[in-house]
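Hi,

Here is the structure I promised to pass on to you.

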Amino acid sequence: MMRWLLPYAAGGALVAFLGATGLAWRFAGEVDRLQARAQTLNTMLASCNGRVADLHQDKERDHALDSIPDSDLGRSVPDRWLLPAE
């Protein structure tokens with residue numbers, strides 16, 4: 001009685017195995033895609049962090065120049081900065 005059921009069970013097992021293999025293959029591709037996207041975002045974030053650090057350094061330099069008294073500008077600032085704009 002079970003002999004006629006055996007081919008159907010084997011076919012069902014094969015379909016389940018192939019389905020599981022296909023899902024694993026698809027998810028592996030999805031993982032690769034997401035890892036590449038994460039690497040891209042990490043690179044973009046590092047770039048933004050570098051720009052923010054540059055802005056902070058620029059603000060510190062500007063503050064250092066702004067805090068120089070006007071009487072000391074001749075010794076601290078290049079002459080070309082003191083000339084009027086053309």
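Below is what I found, starting with the overall picture and moving on to a few residues.

First, some ground rules. This is a predicted model, so local features need pLDDT of at least 70 and side-chain atom pairs count only at pLDDT 80 or more, while totals for chains, interfaces and linings use all residues. Residues are numbered from 1 along each chain as its sequence is written, and side-chain values use heavy atoms, with hydrogens and water left out.

The chain has 3 helices and 0 strands, where helices are DSSP runs (H or I) of at least four residues and strands are runs (E) of at least two, numbered from the N terminus. Along the sequence that reads α-α-α. The average pLDDT (the predictor's confidence in each residue, from 0 to 100) is 86, and 90% of the residues score at least 70.

Now the surface. Of the 86 residues, 2% are buried; buried means under 20% relative accessible area, exposed over 50%, and partly exposed in between (1.4 Å probe, protein chains only). The chain exposes about 8000 Å², with 64% of that coming from carbon and sulfur atoms. These areas come from the Shrake-Rupley method with a 1.4 Å probe, and for residues only the protein chains shown count as cover.

There is 1 salt bridge, meaning a side-chain nitrogen of Lys or Arg within 4 Å of a carboxyl oxygen of Asp or Glu. Glu30 pairs with Arg33, and their closest N and O atoms are 2.7 Å apart. The two sit 3 residues apart in helix 1, so about one helical turn separates them. Glu30 is partly exposed at 29%, and Arg33 is partly exposed at 49%.

Patches take residues with over 30% relative accessible area and no salt bridge, joining like charges within 9 Å and nonpolar side chains (Val, Leu, Ile, Met, Phe, Trp, Tyr) within 5 Å. Met2, Trp4, Leu5 and Tyr8 make a nonpolar one of about 530 Å². Tyr8 lies in helix 1 and counts as exposed because its relative accessible area is 60%.

Happy browsing!
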